[in-house]
Amino acid sequence: MNDFISKTGNIDKAAVVNGDKKQNRPAGKGSGSFDHILEGQVKQATENTASKPLETLPEIQSPVKIPLLSPSFDTAQYAKRVEASLDLLEAYAATLDTPDKTLKQANDILEKILKQTQNLVVDFEKSSPQDPELSNILNHLISTVETERIKFDRGDYTA
């Protein structure tokens, strides 16, 4: 042991026995200090999460992207759709009155009206708004379209 002390110079015996764990290293760029590494990892993680959108696990993602339904019923938008169906019904009546138009053209318009009213009914039943006037208009539209479908299929408009 005396040989070791003589080679290294002045050594504190308490430091040798206790195993002084602190080393006086400057916390430079390549020092590898824990604080430096932790700061770098936290900074990198926050940059990555800020730029990427949140994703769910692939096992629970739906292959079909379905838009979320709004919880409120937009009466104005629904009224515009009902009005579009009424406009088509008027176009259907005008087609029947015009001698230049064929029954096939009238049937195409009637099919569009049927699809639109069916979609209106489905949307109305899903949302169940508390608007009796809108419900009344929709019921009249449905009965008119169904009546026209029956008349057309029965052959009332053939010459």
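Trainee: How many aromatic pairs does the count come to in this structure?

Mentor: This is a predicted model. Rings of Phe, Tyr and Trp pair if their centres lie within 6.5 Å. By this rule, the count of aromatic pairs comes to 1.

Trainee: Is the pair of Y78 and F124 stacked, edge-to-face or tilted?

Mentor: The ring centres of Y78 and F124 are 5.7 Å apart, and the ring planes stand at 35 degrees. Planes under 30 degrees apart count as stacked and those over 60 as edge-to-face, with the rest tilted. The pair of Y78 and F124 is therefore tilted.

Trainee: How many residues apart in sequence are the parts that this pair ties together?

Mentor: Y78 and F124 are both buried. Y78 belongs to helix α4 (residues 75–97), whereas F124 belongs to helix α5. The pair therefore ties together parts whose separation in sequence is 46 residues.

Trainee: At what angle do helix α5 and helix α6 pack?

Mentor: Helix α5 spans residues 103–127 and helix α6 residues 132–154. The contact of α5 with α6 comprises 14 nonpolar, 3 polar and 4 charged residues. The axes lie 10 Å apart, and the packing angle is about 145 degrees.

Trainee: Is S143 buried, partly exposed or exposed?

Mentor: S143 has its place in helix α6, and its side chain reaches the backbone oxygen of H140 at 2.9 Å. Buried means under 20% relative accessible area and exposed over 50%. The relative accessible area of S143 is 37%, so S143 is partly exposed.

Technical notes. Residues numbered from 1 in each chain as written. Predicted model: local features only at pLDDT ≥ 70, side-chain atom pairs only at ≥ 80, totals over all residues. Heavy atoms only, no water. Axes fitted to C-alpha atoms, helices over the stretch in contact; angles between N-to-C directions. Helix = DSSP H or I, 4+ residues; strand = E, 2+ residues; numbered from the N terminus. Nonpolar A, V, L, I, M, F, W, Y, C, P; charged D, E, K, R; others polar. Buried < 20%, exposed > 50% of the residue type's maximum accessible area, 1.4 Å probe, protein only. Polar contact = N/O pair within 3.5 Å; in protein donor to acceptor, adjacent residues only side chain to side chain. Phe/Tyr/Trp six-rings, centres within 6.5 Å; stacked < 30°, edge-to-face > 60°.
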